[in-house]
Amino acid sequence: MGLIAFAAILRLIALALNPLELYADETQYWVWSRDFDWGYFSKPPVIAWVIAISTAVFGDTDFAVRLPAPLLNIATASFIFLTARRLWDARTGFWAVLVFVTMPAVWVSNAVISTDTPMLAAWSAALYCLVSLRQGGGWAFAVGMGAAIGLGFMSKYAMIYFAIGTGLAVLFDPATRRALLSARGALVAVLALALWAPNLLWNAANDFATVTHTAANANWGGTLFHFDELADFLSAQLGVFGPALFAILIAIIFRTLRQRNADHPDALFLLVFILPPLLTVSFQAFISRAHANWAVSAYVAATLLVTFFLLQGPRWRRTVLYASSALHTLLGAFAIGVASSPSFTEAVGMSNSTKRIRAWQETADAITQYGQQRDYTAIVFDNRNIFHQMQRYGGAMERPLAMWLRYSGPVNHAEQEWPLAEQFDGEILIVSERPREVPKMREDFASFEHVADITIPLDGNKTREFTLWRAGGHQRIVRDLAYEERWTAIDATREGR
């Protein structure tokens with residue numbers, strides 16, 4: 001546990017020294033945190049709750065917004081240690097913690113607040129409680145498992161993979177079957193559902209907004225079968241878990257499936273918590289697309305299984321373990337350097353990686369300057385990311401902020417909560433980051449006049465660019481099928497398609 005404490009101190013120091021502003025998604029979560037609810041447009045509520053608690057205690061700073069990330073990762077590491085000690089011994093637990101805290105994806109997640117961090121903490125807690133129940137643990141572990149699963153679903157719906165893994169474990173693992181096909185198992189299910197129920201009821205009352213967004217994010221409406229997307233997703237896992245560790249994991253998967261309990265009686269048990277997210281997201285990537293982190297829930301059990309494998313058998317396995325930990329530590333130190341120093345970022349040619357998290361205050365100041373030149377009734381945006389960043393950093397704007405709606409209804413939280421009224425007579429300042437949408441926007445207004453172009457310097461030669469328009473007499477044109485077909489044809493002509 002000393003390693004966990006040491007890692008926690010280092011992560012907190014690194015976070016405190018981090019000069020980067022919030023990502024747009026982080027800012028959106030902060031916006032949610034100011035209004036307690038049981039759910040939000042695109043995510044369950046725990047991410048907003050932890051930010052609300054942190055900022056209430058430590059102040060409304062970017063540091064406080066991100067503070068729960070390393071703390072939750074430390075909780076995950078602690079449960080990984082406890083699980084490894086339960087399954088094997090404290091030595092394996094030590095190395096499993098080291099593998100996890102130096103994992104490339106965890107280095108990143110320590111500096112960025114996301115829904116993955118609370119979900120992984122809940123996942124690791126649930127797995128520890130399940131392992132304890134398999135070994136004859138009492139009612140406290142049933143309560144803990146049920147609470148962890150419920151909080152996991154309240155953090156991110158990817159917790160469904162844990163439920164799938166548990167179901168597979170009941171089918172294939174006698175110890176799990178004995179533990180869960182009992183009164184304790186019933187308590188687990190009841191508690192999990194009871195904790196998740198408020199979010200389910202919120203979704204039912206809000207047209208299943210989060211569920212609909214999650215389904216839309218899968219993007220199954222386009223062409224199917226993308227070998228390139230599958231290759232991109234699998235190669236990205238080398239950067240999530242580490243190149244050698246991911247290769248070892250794949251080898252273990254095939255070895256275990258071929259020989260069942262090839263290395264340890266619990267190998268197959270752990271595998272059922274690894275394969276559902278990896279296979280499901282790989283399939284998703286093949287038929288559409290997938291982000292690298294969508295299968296991150298696989299790596300709690302993967303950390304345990306790979307660490308145990310590398311500590312057994314030939315000496316080369318320990319060499320891989322030591323070398324991977326050292327390499328990942330160096331990569332983490334490099335990432336901290338990129339985040340902390342714009343000059344270093346530019347010197348190593350990684351300006352593109354930080355362009356979304358720099359100069360937001362300068363952006364807000366520039367927009368505010370134009371917003372105060374006339375008595376505008378509102379400042380309107382066509383990009384929800386810019387909108388949320390101005391909510392965070394544009395406190396001096398002193399004008400209501402609103403979103404122009406491209407489609408017939410809201411497609412994100414900003415459009416749902418702050419839409420420009422269908423009819424609006426006042427003069428407004430439009431801040432456009434999407435030139436392709438300007439002709440469509442122009443149709444919605446009686447007057448539409450160019451004001452200025454803004455260019456915000458970022459790291460290296462990168463810039464953030466906006467076009468400002470003065471508009472009045474807003475009357476939103478009906479976004480029916482004819483409207484969409486007309487603009488699809490116009491856009492295709494302009495792009496030479």
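I start with Thr 92, which counts as buried because its relative accessibility is 1%; buried means under 20% relative accessible area, exposed over 50%, and partly exposed in between, with a 1.4 Å probe and protein chains only. This is a predicted model, where local features need pLDDT of at least 70 and side-chain atom pairs 80 or more, while totals for chains, interfaces and linings use all residues. Residues are numbered from 1 along each chain as its sequence is written, and side-chain values use heavy atoms, without hydrogens or water.

Thr 92 sits in helix α6, residues 90-101; helices are DSSP runs of H or I, at least four residues, numbered from the N terminus. Leaving out residues up to four places away in sequence, Thr 92 touches Ala 84, Thr 307, Phe 308 and Leu 311, contact being heavy atoms within 4.5 Å.

Next, α12. Where is its kink? A kink of about 40 degrees lies at Ala 197, shortly before Pro 198; the bend is the angle between axes fitted to the seven residues ending at a residue and the seven starting there. Among the buried residues of α12 are Val 188, Trp 196 and Asn 199. Just after α12, Asp 207 has a positive phi of about 55 degrees.

Last, the rings. Trp 123, Phe 162, Phe 269 and Phe 273 form one aromatic cluster, where rings of Phe, Tyr and Trp (its six-membered ring) pair if their centres lie within 6.5 Å. Arg 134 lies over the face of Phe 269, 4.0 Å from the ring centre; this requires NZ of Lys or CZ of Arg within 6 Å of the centre and within 35 degrees of the ring normal.

Notes:
Helix = DSSP H or I, 4+ residues; strand = E, 2+ residues; numbered from the N terminus. Phe/Tyr/Trp six-rings, centres within 6.5 Å; stacked < 30°, edge-to-face > 60°.
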